[in-house]
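Trainee: Could we go through this model together, taking the ligand surroundings and then a single residue in turn?

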Amino acid sequence: MGIHGKSIRSFPDIHDGAVEDSQCLSCHDPAANPDIAPVSPHPKFTECLKCHNDEF
Ligand code: HEC
Ligand code: HEC
């Protein structure tokens, strides 16, 4: 797995259409709403999909 995190492809329905960091953070930023989704341990990172869009 290397430095890569879990892939959003695990939940394609939830993540359909999500491409921008700002979209990711609208659900995953701990400051946004921790009840919506698992919070990101690193909300300051950029280009989320570089690490979270692996194919299976
Ligand atoms: C509409 C809200 C929403 C958006 C937008 C969203 N996510 Fe998620 N994400 C979720 C929810 C809810 C879960 C938890 C699904 C579950 O555990 O059933 C999740 C799960 C995850 C996981 C964990 C997967 C796992 O196997 O545990 C990662 C990583 C993730 N999202 C990254 C991202 C990235 C990167 C983006 C932007 C491209 C993004 N998300 C956009 C709601 C969202
Ligand atoms: C440099 C690679 C990298 C980038 C860029 C990155 N992540 Fe991650 N992410 C990881 C790794 C590796 C983990 C798992 C390690 C950990 O749990 O600390 C992780 C864990 C997560 C989790 C927790 C998943 C779980 O297990 O519940 C979420 C949510 C998440 N990232 C969201 C994001 C969002 C949103 C962005 C963009 C703002 C982002 N990540 C950018 C590598 C990255």
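Mentor: Gladly, and please keep in mind that this is a predicted model.

Trainee: Which helix gives the most to the shell around ligand 2?

Mentor: The shell around ligand 2 holds 19 residues, with Gly5, Pro38, Ser40, Cys48 and Cys51 as the closest. Two helices, spanning 21–28 and 49–52, each supply at least two residues of that shell. With four residues, the one that gives the most is H2.

Trainee: Which class has twelve residues in the shell around ligand 1?

Mentor: Around ligand 1 there are 20 residues, of which Lys6, Cys24, Cys27, Ala37 and Cys48 come nearest. Two or more residues each are given to this shell by helix H1 (12–15), H2 and H3, and H2 gives the most, with five residues. Sorted by class, the shell has one charged residue and seven polar ones, while the class with twelve is nonpolar.

Trainee: Is Glu20 buried or exposed?

Mentor: Glu20 is found in the loop between H1 and H2. Because Glu20 has 12 C-beta neighbours inside 10 Å, Glu20 counts as exposed.

Trainee: How many Å apart in space are Glu20 and Glu55, C-alpha to C-alpha?

Mentor: Along the sequence, Glu20 and Glu55 are 35 residues apart. In space, taken from C-alpha to C-alpha, the separation of Glu20 and Glu55 is 18 Å.

How values were computed:
Residues are numbered from 1 along each chain as its sequence is written. Chains are lettered from A and ligands numbered from 1 in the order in which they are written. This is a predicted model: local features need pLDDT of at least 70, side-chain atom pairs count only at pLDDT 80 or more; totals for chains, interfaces and linings use all residues. A residue is near a molecule or strand if its C-beta atom, placed from the backbone, lies within 6 Å of it. Ala, Val, Leu, Ile, Met, Phe, Trp, Tyr, Cys and Pro count as nonpolar, Asp, Glu, Lys and Arg as charged, and the others, Gly among them, as polar. A residue is buried if 20 or more other C-beta atoms lie within 10 Å of its own, exposed if 12 or fewer, and partly exposed in between; C-beta atoms are placed from the backbone.
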